[in-house]
Amino acid sequence: MHADTLIHARWIIPVEPAGQVLENHSLAISNGRIQALLPTPQAREQLTATETLDLPGHALIPGLINAHTHTPMSLFRGMADDLPLMAWLEQHIWPAEQRWVSADFVADGSRLAMAEMIRSGTTCFNDMYFFPDVTGRVALETGMRAVLGMILIDFPSAWASDADGYLERALALHDAFRNESTIRAVFAPHAPYSVSDQPLQRVRTLANELDLPIHMHVHETRDEIAQSLEQYGKRPLARLQQLGLTGPDLIAVHMTQLQDAEIGEFAASGGHVVHCPESNLKLASGFCPVARLLDAGVNVALGTDGAASNNDLDMLGEMRSAGLLAKGVAADPEVLPAPKVLEMATINGAKALGLDAETGSLKPGKAADITAIDLQRIETLPVFDPVSQIVYSAGREQVSHVWVNGQMLLSAGELTSIHSGRLMRDIGIWQEKLREDS
């Protein structure tokens, strides 16, 4: 049997079935998909390959899925720090966006973010920002798998002037990328406090017609809850439920402000939660009750949020933060063990995005979205449990190789589809432009 690529690794962690670690195994890729997983001695006997790669100290995991981010905002990294969410947004980020956001801004910010994500093992991201068509084109150039949020917000921007404009451009975006295997579009109303009832009702109708998920910030801060009670007489989730937005197609991001009854109701709805621990910590937004959500049967994925509020797009670091924070919040060291954290960053993200038949685990027939992590480094030795080392010890500098759809996007730590020097020069130009706003 012949393969396009054959990778011999010390460990393969397929994620499905849960808890499995395959030692001294090999993975074969053909036509962009995983062809086989088998013991290395057997692979050496039975398989030939156009390209063979020996990774004797590495673990192969499914490519990490960043289930919530704002890729172009990487250009705002460090512009406004140590502030609460609304002060950060209203006094710094929104004014800067009104001044600077354009197709060129989004192209360069997206490329910077994708370079960072690939270098830290992320193969798929779920985005929410203006000019998503530009982000989509950059994703096609780089080879990353992308979910493009069809942004909707009540105030005008460089992307659209009103709800009609946002939704018109959303439908055009969906049509433009509908035949791309690595790109899909989802509805992305910004938040309950920034989108009024009538546009949300239209999103509900369109999402039903097109069978697309709805990606939205929900219950992020105490102020959001108070504002909703004052304006609508109900908490945001209750309002979304009344509008028909809660259900198995809702991807609710943050969810730090939850009552017991809301957890049960959300679990019954079949909705998904994206946990962004580092952004929530930095903005002091609150703590998502991850252990209680998982116990209730909610699918919980993991995201970084944007680099303007994190301040990185490092899913390895996010896994460690998620695992430690959940234990502290629950006052229980046994909640959210390392294998569950890895599931949040892979298969759970794929489920939330409706991509679990395509990616999120290393199974024959799925797309070859793969990350290799070198565990034979001082920082991760000795290796008693590779999953624990990945979640609690490994740094993104240990990511050596990344494949999406079988295409190698990172080779021995070097980007293959993005010119690093040119990118850094472009970002230097933006730094000078933006400096006066920082």
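Cys 124 counts as buried, with 0% relative accessibility, where buried means under 20% relative accessible area, exposed over 50% and partly exposed in between, for a 1.4 Å probe and protein chains only. This is a predicted model, in which local features need pLDDT of at least 70, side-chain atom pairs count only at pLDDT 80 or more, and totals for chains, interfaces and linings use all residues. Residues are numbered from 1 along each chain as its sequence is written, and side-chain values use heavy atoms, with hydrogens and water left out.

**Cysteines**
- The count of disulfides, meaning pairs of cysteine sulfur atoms within 2.5 Å, comes to zero.
- The cysteine sulfur closest to that of Cys 124 belongs to Cys 276 and lies 14 Å away, too far for a bond.
- Cys 288 is also buried, at 4% relative accessibility, and its sulfur is 8.9 Å from the closest cysteine sulfur, in Cys 276, which is too far for a bond.

**Helix 6**
- Helices (H or I, at least four residues) and strands (E, at least two) are DSSP runs numbered from the N terminus.
- Pro 199, Leu 200, Val 203, Arg 204, Leu 206 and Ala 207 are buried in helix 6.
- The buried residues of this helix pack against strand 7 (145-152), helix 5 (163-177), strand 8 (183-189), strand 9 (214-218) and helix 8 (236-242), where contact means heavy atoms within 4.5 Å.
- Asp 211, which follows helix 6, has a positive phi, near 55°.

**Tyr 232**
- Tyr 232 belongs to helix 7 (residues 222-232) and is partly exposed, with a relative accessible area of 25%.
- Leaving aside residues up to four places away in sequence, Tyr 232 touches Ser 196, Asp 197 and Arg 239.
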